[in-house]
Amino acid sequence: MGKYQSKPNRFFNDEEIKMIAQVYNQDGLDAVLPLIKDKCDHLDNEKVTIAVTGESGVGKSAFINAMRGLGPNDEGASKENIKEETSEPTPYQHPTLPSVCLWDLPGIGTTRFSARKYLDKVNFNTYDLFVLITGERFKENDVKLAKEIKKMGKEIYFIRSKMDTVEKKLSKTGQYLWIDMTQFCGRLEFELPDKKNVFVLSQPNLTEAVIEKKKKVLRAKVLLAAVVSGGIGTIPIPGLSVACDIAILVATLLHMRSYLGLDDESLCRLACRVNKPVQELKAEITSPFVLNITPSSVIKLITSTVSGAAMIADEALLLIPVIGSVIGATVSFTATCFLLNSALNDFTKSALNVLKKAIEDNSEVL
């Protein structure tokens, strides 16, 4: 199987950096901060739409649930093992990232439309890419549909559910690419460069590698949040020469916890899937702060960790080359960034511990 290289994890493209430079040079730092905040917030709202098609009974629902980290009995799960054929496109949102949506489409073989008319009927242009799930063999209509989708400039992936493998067909070389579920998600990241970050965060914690990828995305998001908090947060913490926007900190920490699968709902769903008490999974969480994120607990955490903060402006400089060094020089940015990164390290460690406990004697369940 040929290897592919992932693109750099950048939040700002060249055009955005150029715009930030112009705004900063013209109107100063205060005018730039709203742009950075918008970019930080945009991560949670970036839309990813994946169309899943195939005939009834080939495993579409199981695939849709797996991609969203849900079991068949979880709230909002697609009903599995039902023979009724989908007649209209049906959306299934991600449980923690509603902007990520998988659409269950009717199989082309159930309609009398040509491949092109079928694509028009299911609103082809609204999807980022297509996944076609089949049983033991590909049908003529499947191949016609794939060719039409490729003609129109989008990607389609074939999954042969009975063989538990994934295949990308009709590549430029004409070769087949066989990959497992984790590699499949990695390939989708490559195909969605502008939406890679949100797609990474939407993946279920199937492996340590997935959790580490989430950490990288969240680390960049932490820096953006710290820039905003350090620049516009003016809530003084008694006894400290630091100003932090508590609302931004709490929101960022809650998002981090949710994306890493450490919120109550995610832990309960996981406990049900691996048939273990949820308290057994929660016992693997290294810091009690993970389960108690409130304004008061954040202030308490600040008072206990800020004294050890070190300057880390270089990372901000990589994300925001124009003004990173200016922000990095502020005490507020340093303290905020130190706190969030310390929390992210704790959250990641807890997520890894929970995964290890979950897969004990349950490696086939996940």
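Housekeeping comes first. Residues are numbered from 1 along each chain as its sequence is written, and side-chain values use heavy atoms, with hydrogens and water left out. As this is a predicted model, local features need pLDDT of at least 70 and side-chain atom pairs count only at pLDDT 80 or more, while totals for chains, interfaces and linings use all residues.

Now the overview. The chain has 15 helices and seven strands. Helices here are DSSP runs of H or I with at least four residues, strands are runs of E with at least two, and both are numbered from the N terminus. The chain has 366 residues, and 49% count as buried. Buried means under 20% relative accessible area, exposed means over 50%, and partly exposed is in between, with a 1.4 Å probe and protein chains only. The accessible surface is about 17900 Å², and carbon and sulfur atoms account for 51% of that. Those areas come from the Shrake-Rupley method with a 1.4 Å probe; for residues, only the protein chains shown count as cover. Next, contacts, meaning heavy atoms within 4.5 Å. Take those between residues at least 6 apart in sequence: 69% join residues at least 24 apart.

On to helix α5, residues 140–151. Its 12 residues should span 16 Å at 1.5 Å a residue, and the end C-alpha atoms sit 17 Å apart, which agrees. The expected span is 1.5 Å times one less than the number of residues. Which residues of α5 are buried? They are D142, L145, A146, E148 and I149. They cover an arc of only 165° around the axis, so they are on the same side of α5. That arc is taken from the directions from the helix axis to the C-beta atoms. The general rule: an α-helix has 3.6 residues a turn, so residues three or four places apart point the same way. The face turned away from the buried side carries exposed E140 and K151. The buried residues pack against β1 (48–53), α4 (115–121), β4 (129–134) and β5 (156–160). After α5 comes G153, with a positive phi near 85°.

Next, the cores. A nonpolar core is a set of buried Ala, Val, Leu, Ile, Met, Phe, Trp, Tyr and Cys residues joined through side-chain atoms within 4.5 Å. The largest has 62 residues; I50, F63, V131, L253, V298 and F347 have the most contacts inside it. Helix α15, residues 331–359, gives the largest share of this core, 11 residues. Setting aside neighbours within four places in sequence, F347 touches residues including L253, M256, L260 and F289. A second, separate core of 17 residues includes I108, V122, L132 and I149.

Two asparagines deserve a look. N123 lies in the loop between α4 and β4. Its phi is positive, near 60°. N123 is partly exposed, at 45% relative accessibility. N275 lies in the loop between α10 (264–274) and α11 (278–282). Its phi is also positive, about 55°, although N275 is not a glycine. N275 is exposed, at 71%.

Last, strand β3, residues 100–104. Four of its five residues are buried. How does β3 pair with β1? In the parallel sense, over five bridges. T49 has C101 as its bridge partner in β3. Strand β2, residues 90–93, pairs with β3 in the antiparallel sense over four bridges. Pairing takes at least two DSSP bridges between two strands. T90 stands opposite D104. A hairpin of six residues joins β2 to β3.
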